Amino acid sequence: MRGRWRTVGSAVWRSIAVWAVSTVTMLALAGVLPDFRLQSADGDSATRIAITAALGAGAFGLLSALVWPLLVRTLLLVPALVLGLLVFFLNGSLLLLALRLNPSGRTDVAPETAVVVAAVMSAVASATGGALAVRDDDAYRRRLYRLADRRRRRQTAGACPPTPGTVFIQLDGVGHDLLVDAVGQGLAPTLAGWLGEGGAEPTHRLTPWRTDWSSQTGASQLGILHGSNHDIPAFRWYEKDTREVMVCNRPTSAAELQRRAVRCTGDGGLLTVDGASRGNLFSGGADQLALVLSVAARRGRENRSRAGYFAYFSDPANAVRTVLSFFAEVGREVGQSTYAKFKKRRPRVSRGGLYPFIRAFATVVERDVVVAAVIGDMLAGRSAVYADLVAYDEVAHHSGPRSRDAAKVLERLDRSLALIEKVAEHSPRPYRIVVLSDHGQSPGETFLGRYGLTLGNLVRAGCGLPVPRRARRTHSGAEARAAVRAALRRPVEEGAEQHRPSRHSEPIVLASGNLGLVSFPDVPHRMTREEIDARHPALLSTLANHPGVGFVLVTSERHGGLVLGAHGAEIPLADLDEDPGPLADFGPGAADAVRRTDGFPHVADIMVNSWYDPDGGEVLAFEEQIGSHGGLGGAQARPFLLAPVELPDPVAAGAELVGAEHVHRVLRHWLRAADGPQVPLTTPVSTAEGGDGGEQASVA
């Protein structure tokens, strides 16, 4: 009882302190802003002005606490960026209402000034309350326990189990080697402490793992959360049977991919029982969802991906702080991109248009909302939580994986991990924090930047199709056109007539990082090498011999899968172990990854992997990115798994952790060992189609 009264006393004291600071802030703003007045036109005494400010600050605080959550609840269907802008106007409206309710009747403020005053007061109140709570460790701890107990009573009928829960935090795009370097450079002190840097006893174990050929979030996360990423050849690809382009970050595509994975494995996913999925492409079978793309297209407020914003933005101080940070990040990106342009840094891609706002959303809004949701899950005692933080990946695409811009984002993500670790100390059950990544990023300039034409232009030139004049004038474009004329036995002169196939046979060219896919939509099956040569005699040789292309995968009538390289190299997939040919520079496992993708039903007619420099680790992205992933080559295919040392080793000594499906089996084994969610082990529909083999619970 004494502890409860002490908690009440601390809360009352902090509320009074916040009220006093808010009053002083209002007085200061009234003295600075010409359109904000706390006295009558004839003037008032200092005491009366102070009382007016105190009453106004108190009314504003009460309205924010009582009315704000209802306003946010009614705005759940508003897009996130629009909601962020409305935060200021809603806060200003609450301040206007609070001043109208002031019994002194002596206040006057212009509507646009009310927005500024409300934003400043909310930010100051939030900072004051947070500082006081942190300084009083006992009060902070008791408050966390009280919140956890309140949530458990509201959400569950029974007591929280004593067994440890597990929190999986995915640092999107952070490769193994980059993480090691960041720890060594002091950019990630939280992770450094877990790994025992500085002589401390390590609490976590770091393990690299190898992705599939498609080294991107869609393939990796589907495999990790649902146990199968079968038939995911790239981030985007064309399916001839449905005549649709599938894109992993499109809600309808994500929902379909999740349905296919569940049908393939026979279970709902890693988070089926008492799980939560936060900020992911896929749900993992969890009941608790926030910012999950695969359910974003569903109707119904409880299933919309943006419903997760309510818990965070229901606090007006959170809303104001995040929105202010959002615009600060926009300004930071504009400044950094301008400086990079001024310094003429290379490689460099365009960072204008909407990109500053997209970056700010990923590095501020998404991070804050997801971390808050994870903290709420831990206080509620959920058994398994999987969250994706995409901030680093977004910045590294445009600034470079090892740029100063990306390093700053990594530092802020490390602070988020520190916060989650702190909350774990006060959660109603013990938690094991596992940090992992879905892929890395490989640096390098773009294919367009180096050669002056896109992969699509090169394919069209190799097919004898018209290409933009600028692409025609490049060295690569001229070589491709010359190869077409030679193959068709036509004159090489510039004025010669080009071979033009009918429009319905034009190829669809899609890019996924440094992986390109070429499909011919008028042919219902996967075209063979012989069929492609008959239609476009110069295409395959143009691609395979281009200096920006590492290798090409096609199927042939004689050999099946066939890898093509420069200088006429042709290696059947069955012979790659003896003679890797153009795959030699791509390291161990490249042949297995290519063979697996070759067996997918929706593999493209032509798969094109860019050039790779094994010395510098650089690739050439077919998209406008100077940090890319999606194919083979370099750090992009080498993510990491960082787990507490008390968990079993993910692989046996000397073995390698290969593929997202293998990572899924490891995580599922850990959950089972901790008596966490018991994921069903029903036999998959067909293990040959990407299932995990039923009872393959061994992590070795």
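Me: What should I keep in mind about the numbers?
Reply: It's a predicted model, so local features need pLDDT of at least 70 and side-chain atom pairs count only at pLDDT 80 or more, while totals for chains, interfaces and linings use all residues. Residues are numbered from 1 along each chain as its sequence is written, and side-chain values use heavy atoms, with hydrogens and water left out.

Me: Why are α9 and α23 called roughly parallel?
Reply: Helix α9 (residues 217-226) and helix α23 (residues 660-673) pack at about 30°, with axes 7 Å apart. Axes are lines fitted to C-alpha atoms, for helices over the stretch in contact, and angles run from 0 to 180 degrees between N-to-C directions. Angles under 35 degrees count as roughly parallel, so this pair qualifies. Helices here are DSSP runs (H or I, at least four residues), strands likewise (E, at least two), numbered from the N terminus.

Me: Which residues make that contact?
Reply: With contact meaning heavy atoms within 4.5 Å, α9 brings A219, S220, G223, I224, L225 and H226, and α23 brings A660, E661, V663, H664 and L667. By class that's six nonpolar, four polar and one charged.

Me: What makes α9 "largely enclosed"?
Reply: Buried means under 20% relative accessible area (exposed is over 50%, partly exposed in between; 1.4 Å probe, protein chains only). In α9, 10 of the 10 residues are buried, so the rest of the structure largely encloses it. Those buried residues pack against β3 (165-171), β4 (204-210), α10 (251-265), β9, β10 (431-436) and α23.

Me: How do you know that Q216 caps α9?
Reply: A side-chain oxygen of Q216 lies 2.7 Å from the backbone nitrogen of G218, at the N-terminal end of α9. A polar contact is a pair of N or O atoms within 3.5 Å; within protein, one must be able to donate a hydrogen and the other to accept it, and residues adjacent in sequence count only if both atoms are side-chain atoms. Just after α9, G227 takes a positive phi of about 80°.

Me: What makes α14 (residues 391-399) largely enclosed as well?
Reply: Nine of the nine residues are buried, hence the label. The cover includes α7 (176-184), α13, β9 (384-389), α15 (404-426) and β20 (627-628). Just after α14, G400 has a positive phi of about 105°.

Me: Why is R367 called buried?
Reply: Its relative accessible area is 13%, so R367 is buried. R367 is in helix α13 (residues 355-380), and its side chain reaches the backbone oxygen of T363 at 3.1 Å.

How values were computed: Parallel < 35°, antiparallel > 145°, perpendicular 65-115°, else oblique. Nonpolar A, V, L, I, M, F, W, Y, C, P; charged D, E, K, R; others polar.
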